[in-house]
Amino acid sequence: MTPLVLAANLGLSFAALAALCLSLNRHHAEVFDRKAERAAVLRLRAFGWGAIALSFFVAGLWEGWAFGPVQWIGALTGAALGLVLLLSYQPRYVAPAALAALAASALPLAILAVAA
């Protein structure tokens, strides 16, 4: 089940890192042309850290606690690289890409839940 877990982790990690990125005023203004409100910053941070924790749990649960954290670090690294490249070249696409990544991670998570 490694490809499914990796796909779920990549999607969750990208969405989480994008939320944490958008909780910073500089990146939020670059993407949305306005400063973030305090409530939005808190929601983005809560979602970002929650999704990172969920991706760690998914990796550990379905890949085992010996290999799961290794795969989790790899997924975080790949998602961070993609986010940095997207933010550097097309910052307007960060929010839609994060939503697409979150939606794309739902299918592998559903398959894993049914298989368990």
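Buried means under 20% relative accessible area, exposed means over 50%, and partly exposed lies in between (1.4 Å probe, protein chains only). The model is predicted: local features need pLDDT of at least 70, side-chain atom pairs count only at pLDDT 80 or more, and totals for chains, interfaces and linings use all residues. Residues are numbered from 1 along each chain as its sequence is written, and side-chain values use heavy atoms, without hydrogens and water.

**Exercise 1.** Find where Ser55 sits, and decide: buried or exposed?

*Solution.*
- Start with the element: Ser55 belongs to helix H3. Helices (H or I, at least four residues) are DSSP runs, numbered from the N terminus.
- Next, the cover: Ser55 has 0% relative accessibility, so it counts as buried.
- Then list its contacts (heavy atoms within 4.5 Å). Leaving aside neighbours within four places in sequence, Ser55 touches Asn9, Leu12, Ser13 and Trp72.

**Exercise 2.** Work out how many salt bridges a search of the whole structure finds, and which side chains meet there.

*Solution.*
- Apply the rule: a side-chain nitrogen of Lys or Arg within 4 Å of a carboxyl oxygen of Asp or Glu.
- The search of the whole structure finds 1 salt bridge.
- Its partners are Arg92 and Asp33, at 2.7 Å, N to O.
- The pair links distant parts of the chain, 59 residues apart. Arg92 is in the loop between helix H4 (68–89) and helix H5 (94–115). Asp33 is in the loop between helix H2 (25–32) and helix H3 (38–63).
- Check accessibility: Arg92 is partly exposed at 44%, while Asp33 is exposed at 56%.

Key:
Helix = DSSP H or I, 4+ residues; strand = E, 2+ residues; numbered from the N terminus.
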